[in-house]
Structure formats: structure tokens, C-alpha cells
Amino acid sequence: MNSSVEYRIERIDRGIKVRSDSIYMLSSYRDLVYLFLPRLLPFAALIVLPIVLEGGYWQKVLFYACIFALLALSWDFMASVGLISLGQALFFGVGAYVSGGLNYYLKMPIFLTIPLATFGGALICTLILVPVLRLRGVYFSMVTLVLPLLLSNLVETLGILGGTYGLLSLSPFPSSLLASYLAVFAVILCLFGFRRLMTEDYGLVLKGIKDDELVVMSAGVNIYWYKTQAIFIASAVGCLAGALLTHYYQFVGRSAFALDYTILPLAGAVLGGPGGFAGAALGTFILVPLSEMLRALGGLRIALYGIILIGALVALPEGIFHYIERKYHQFERRVRI
Amino acid sequence: MNNEVILKVENLTKHFGGVVAVDSVGFELRKGEFIGIIGPNGSGKTTLINLITGFVKPTSGKISYMGKDITGIAPYKIACLGITRSFQMARVFHKLPAYKNLIVPLYSPRVKALGGGKYGERDDMALDLLDEMGFERDSFVPYKLAENLPHGYLKRLDLARCLALRPQLLILDELFSGMTMAEVAATMPIIEKFNRDGLTIIMVEHRLKELFRVAPRIFVMNFGSKIADGTPQEAMKQEEVQKAYLGTEVEG
Amino acid sequence: MEIFFYGITNSITLALMAIGFSLTFGVSGVANFAHGAFYLLGGIITWLLINLGIPFFLSALISIVLVGLLGFGLYWGLMYRLRGLAINEVIVTLAAAIVIIELLRWLGFSGFTYVLPPFVKGSVEIGGVWMDYQRIFLVVIGIALIALLYFFTHWTRIGLSFRAIAQNERTAIALGIDSDWTAALSLAIGSSLSVVAALAILPLGSIDTEIGYEILIYALAVGIVGGLESIPGILLASFILGFAQIIVATFFQAQWLTIITLGAIVLILAIKPSGILGKYKELEDRV
């Protein structure tokens, strides 16, 4: 009886959660609200925000947040196939340079450059990454860390695509509202699309590849082909982010391959909780406004991302989103031991 | 019974560094056969399986399947040709519900080509197959996460994953290790039924009693080579086999 | 002749940069992405101590020990909690590197005022090429360090347990080797080695925070090209890369240096991921 611990916390799934996870019918409005509110709320918020913030400084922040959310979603998608990228800047930079180059040299209009950059850029990224697809774990991460640096140095040394100075005065978006809505819809599409995709049979195969490659292979599935597809999808999303920001800035330069575009999405995804995509989006929507508020810190912000990344990994490895999700779905009560 | 040769292995050899894991093994397998492979630990049984299923590339030798050379081609291609294997340590997707484990093989090009597994049907097919394996469909067992299932179920899940691919040659790597007697007794008839329906089976097993009851033909392996081939009674009579099992080394 | 001498010094420099990183990776499987940050930090601590009036050798020793302790702390403070999740380990070390480097950058440790004194001043003419004594010293230190490390991992008790862990962690644990202690120790030694490298190399130029990332890239390049756990592999790789860099720098623009290095990493990983002399065959043998 000396033990100081007299209680333990017991966690019980809510009944609705149990039913909705499985094959039962939902019967009441309460059930429906319970299930759909967490999905509708962020959706509605994202739709309304661009109008509410129209013209202001925070609309710009929303735009940045969407860009980084796209990168984080793309990271999370690759992570859910077991490919841990440390180089989202590769996707971002390729997308940015493709759209910038098409606009600058070929004078293509913006509604052509963005889709072309999305899919053409994805094709380029996929071709770059296919030779190293067989690498596992840390080795794959090393390559992805190195690749953006390599491309950035190539651009500088060869003097192509504007070299050190970058490509200036690209076409802007017709209006900032359009830009915001493009970014917002891209985020919504990716977020809900990816979540849906992962519960489909196709997504199960991808999850299987993350879990155990050998089993997937012995089940007759070509894992490299599926990994290639996953990289194409992820890099398309990353390239889209790059293309959007390029036209927003009306500039593309070597900074498109900078470490920022790797570390912030990574920090966001880890903070929010990897796996399930909602965490990645949530994390970046917390981090980006936060870092805007801390703009005065200047170069220290990157260090701050690092600290947040470490803190999130050590203190809350499951991530904010999964923590909230757990609390939402469970009763917790103290039980006497 | 059809007597066409389904698998032909010639002079198969695999070196790992200086160790000869499989030493010029050769055999022929006819359609519908049920053979057992036995041998002491480290005698190269699992390596032989890895070689046939393409997980390890042979140093030399040739494997042909239904008259087609499959030496050294990728494992998923071999699986799509209809050779599938279970793993010694049941390997399943731990984070998926048991029945979702079978979606992966049902999604493979092989099952698609055989006309199964259309959109929305795969869950049903998976549950049917698991029902056959003793995961009762109406209970909660098939819906549990695989990581929460006991060992015997995992082994059967692994077997179900193999069968979902509709194989023509099934290789079982110590399927019964770690199963209870009751589980073995429940699983054996399933395997025998598939064998009667024309499935060729290679079974690597340490449980000799159960194996001898079902397998009319036995290989014995020791130090990477095949030292006996015949009915269980014939095989066990050979002096070399008894030595390998009793461990009596001839001095000299 | 010039190419030959500069090639040798450059190669040994690369080997020095890489050896700490490779040791840590080879033993504990931890890819210490904070390697370059430790290198930078070691240089700056030494500079600070010297400017406080502490004699060179003492301040060098202090910074070696301090950074070693930091590496030790990095293991027990962060990585121990994430052990087993290789990916999180990588992310944590990368994050630590970014925190250290960006903090130092913010504090303004860059530029020509931040110069470490060489061990020995002056230069000498060898075969028509003027070489500073520091470069010769660097070559000597590099060779000595590599020899020492080889001796250490092949003949001493701790060194052997390092290799045991590198080969089979579970068996090593069963034999009574504490894998966490060994990993922490390897990280500490790896970090200290990065400072040794910094002390030998930094006097040749001024300190710039950007080198924190550059050193990491060089260490990665040498490690990957040679095979991350093999000391002969590292030597071979640093000679290949070292001479390649010098030749490129002589005949082309200096900017091609980085491209050569980065390109080598990607190329080797695409063709033979375990490196030229590496033994991690499982990277290749599985189809």
C-alpha cells in the first residue's frame, strides 16, 4: 500500500467510433455530426478564409501556408509508401523552374505553365529518382538531401535558367483571390484525395509496401512500379506548389532549391503527425503563421523549425493531429487500481 | 492425374561468401504432387525456397517452371507466374486488419488476369478465403488488426495470402512451426483439399509425423545437398539420412 | 607535380572530414547528419577559447572534449528515445545540425576575423611546389588518425565491440555488449574526430557557417563512395574524389567541385549503393 499510484487512466472508444470503423449503419444525426463535423469544419474554413482575408497581409500568409501544406502532404504521401524524403525542395524547385522557364522563354500564359509544370515537373522528378528507388531507409533520404543541392549548383555553374540571378518578371496571377483559391483548392483536393486513396485497394498496396516489401513482392506486385507511381503523385503535388509560388513571387531563382522548402514541410508533417495527411496539413497551418509572427527573428527562424522538429519528435511522436483524434474518439476515465 | 512437369531444378548452387548454402541440387516436380523437404537446421531448405521464388539469385544452375526458364527473374514476376511461398516467420501487414491483408495479392496482375478481383469485390473474396481458413466471417476475428492476432492465426493468414494469388505451385516454409496440435489438425485438411484440386505443394517442415502422413514423396537435405529422395519410409531408411538426423559424424 | 601534391593533401583532407561520420555510421547505424555542424562548432569554440587567451593546445583539447560530450548528449538526450526508428534518427540529427548551424550563423560567426592559427607557420618547397607546413602536418595527422582508428577497431576491446555491433547487434547484446553505450560512445568519438579534422583543416581558410553543410556533403560523398563502414574504402574514396576535385579545379571552374562531389553520391547510390569497398550487401543482393 506504499505505492503512490492509486489510479490509472482507462481509455474506451466511443460507441459511434466503434460502429463507424466497422460495417454497421449510422442511425442518428448525432452520429452524422460526430463523424462529419471534423471533416467539414476545416473544409469550410479553407473555403471562407480567402474571402475574409481578401487583400490583407494574412491572405498572403494563408497562401504560403497552403504552399507548404502541399509540400508536407507530398512528403507524407511518400512517407506512407516508406520513402522518407529529406528533399521536398527538389520537387518544389523543379516545379518552380519548369513553370518559370516556360513562362520566361516561351511566354506561355499562366494557365498553361502551372499544369505543365505540375505534370512535366513530376515526370522530371520521377525520372531523376527512379534509379535510386531501390535504396532503403537512410540511403534514400541521403540521395534526396543531396539532389536539390546538386541541381541548384548545376543551375549556378552552367548559368542556365537565369543562373545566379534567376528569372525575373514572370507573369503574375490575375488577382490574389484567384491565387489563394487555387492554392486552397489544391490543398483540399490533395488532403481529401490522398485520405481517400489510402483507404482504397490501391492505397492498401502502398501501405503494404511500407510495411513489408518482401510480402508485397511475393504477392505478385511489382513494388518498384508502385513506388514510381507514388513518387510521380508526390512530386506532382510538390511541383504544383513550386509553380504556384513562382507566379506569386513572379520570380524563380536558386532559392527554390533552398533548405527551407525541405525543413518547414518536414517540421510541419512531424509536428502534426505523419501518416493520414490531416496531421501534415494541420502542422503546416500551425507553423507557417507562427513563423510569420516571428518574422523579426530573421535567420533564426530556420533554427526554430529545427527546434520544433526535435521537440515534436521527442515529446509527441504521434503528432498533434493523432493526439487530438485519439482524445476525440475516446473516453478517458480514472480507475482505481 | 496430369503428369506434366511443373518445376524442374537443375544443378542449383548458391554460395554466400565462402559458405555453400545450396550445392548442385536438382529435382523434377510433376503437376499435383505433394512433396516434403526435411533436413536439419541450416541445411539450405529456406535458401532453396528463396532461390526458387527469386528472392535470392543463384550462383549457378537453372530453374524452369512449366518449361519456361525463370532463373534469376524478379520475385514478383515469379509470383505472377503462379509460384507463391509462405514465410518461416509469418510475415503479414501488421497495421492492416486481417482481411485487408489479402487485398494486396488480390490486387496483383495475376488475379486480375484470371478474371477475379474487380473493384469492390475484393473485400468479399478476402473474407470468403479467410472463412475457409477458420477466421469465422461473422466473428470479429477477420476485422482485427493483424498485429493483435495470435501466432497460429498469423500463420494461417500467411497461408491465405499465398492462396489468394491462386497459385499453381505453393511453397510452405515451416508453416506448422509454432502452431498448436489443434491448429495443425484444422489446417492440414485445407492444404490437402487444395492439393486434391490440382495445386502442387512443396512443404518444408520439421514436424515429420504430420508431414509423412500427407506427403507421398520426401527430399532430405543436409549441408546444402539433397541426400535422399523417395517415399518417407525409403528416405528415412537411408544411412546418410539417419546420420544427418542423429548427428553421428563418421570420424576419419 | 602540383596536381599530385595538392591531390594528396586534398584527399587526406576529405578522409579526415569523413572518418568521424563513417565511424559512427558503421558502428551504430546512425547517420549523424550533425557531423558538419559539430565540425563548425569545434572550430568556433576553439577560436573563442584562443581569443580568451587560453593557449592553443589547451583550447583545442577543450573543444574536442566539449563537442565529444555534445555528441554523447545528442545520443542520450534525443536519439536514445527514438532508437529503432531509423528515419526519426536521421530527422533528429538533421534538425540538430540545422539548429546548431543556423544559431551560429545568427550569432554571426562568419568572415575573415574568424581564423584559427595553424600549428606550424611557414612553407617549404617540395619538387617545385610551395607547400605550407600546415598542409604537410595535415597529411601526417590524417594518416596517423586513420592508422590509429584501424588499430583501435581491430585490436582494442572497445573497438572490437564497435565492430561486433556493426556486424550483428543482437548477437553483440547477447554477448554482453551494451549497444546503447557503444553507440553513444561511437557518436562521441565521431564528433570529436570532426573537431580534430576542423583543427587541422580550418587554419587553411577562414571560418564560414556555410561549411557546416559543406562538410556534411563531403563526408557523405566519401562515405557513400567508399562504403560507409570500411576504413580502406574511405581512404580509396577520398583519393578518388580528392584527385578528381583537384583535376577539375585545375582545368575547369572551381564551381564544378561541388557538382563532382554531389554527382558522385548520386551516381554511386544508383549503381552500387554499398560503395566501392562496402560490405552492406543486403542493399544489393535483394532483388
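Within chain A, confidence is lowest in helix 1 (residues 15-21), where the mean is 65, and highest in helix 10 (residues 223-249), where the mean is 92. Where pLDDT is low, the predicted coordinates should not be read in detail.

Inside chain A, helix 11 (residues 260-272) packs against helix 13 (residues 300-315), with the two axes 9 Å apart and at an angle of about 30 degrees. Because of that angle, helix 11 of chain A is roughly parallel to helix 13 of chain A. The crossing of helix 11 of chain A with helix 13 of chain A is left-handed. Helix 11 of chain A contributes Asp260(A), Ile263(A), Leu264(A), Leu266(A), Ala267(A), Val270(A) and Leu271(A) to this contact, while helix 13 of chain A contributes Ile302(A), Tyr305(A), Gly306(A), Ile308(A), Leu309(A), Ala312(A) and Leu313(A). By class, the residues of this contact comprise 12 nonpolar, 1 polar and 1 charged.

Chain C contains 12 helices and 2 strands, which are arranged along the sequence in the pattern α-α-α-α-β-β-α-α-α-α-α-α-α-α. Of its 287 residues, 50% count as buried.

Ala249(C) is located in helix 10 (residues 231-251) of chain C, and Ala249(C) is partly exposed because 17 other C-beta atoms lie within 10 Å. When neighbours within four places in sequence are left aside, Ala249(C) is in contact with Ala254(C) and Leu257(C). The C-alpha atom of Ala249(C) is separated by 22 Å from that of Gly142(C), a residue 107 residues apart from Ala249(C) along the chain.

Between chains C and A, 35 residues of chain C are in contact with 32 residues of chain A. On the chain C side, two or more residues are given by each of helix 4 (86-107), helix 9 (211-226) and helix 11 of chain C, and the largest share, 15 residues, comes from helix 4 of chain C. The chain C side divides into 27 nonpolar, 5 polar and 3 charged residues.

Packing between these two chains includes helix 6 (residues 137-158) of chain A and helix 11 (residues 256-271) of chain C, whose axes are 9 Å apart and meet at an angle of about 145 degrees. Helix 6 of chain A passes helix 11 of chain C in a left-handed crossing. Residues of helix 6 of chain A in this contact include Tyr139(A), Val143(A), Asn153(A) and Thr157(A), and those of helix 11 of chain C include Trp256(C), Thr258(C), Gly263(C) and Leu269(C). The contact has 13 nonpolar and 4 polar residues, with no charged residues.

Between chains A and B, 17 residues of chain A are in contact with 25 residues of chain B. Helix 8 (201-211) and helix 9 (213-218) of chain A each supply at least two residues of the chain A side, with helix 8 of chain A giving the most, at 6 residues. This side of chain A divides into 8 nonpolar, 5 polar and 4 charged residues.

Technical notes
Residues numbered from 1 in each chain as written. Chains lettered and ligands numbered in written order. Predicted model: local features only at pLDDT ≥ 70, side-chain atom pairs only at ≥ 80, totals over all residues. Axes fitted to C-alpha atoms, helices over the stretch in contact; angles between N-to-C directions. Helix = DSSP H or I, 4+ residues; strand = E, 2+ residues; numbered from the N terminus. Parallel < 35°, antiparallel > 145°, perpendicular 65-115°, else oblique. Left-handed = near helix turned anticlockwise from the far one by under 90°. Contact = placed C-beta atoms within 7 Å. Nonpolar A, V, L, I, M, F, W, Y, C, P; charged D, E, K, R; others polar. pLDDT = per-residue confidence, 0-100. Buried ≥ 20, exposed ≤ 12 C-beta atoms within 10 Å, placed from the backbone.
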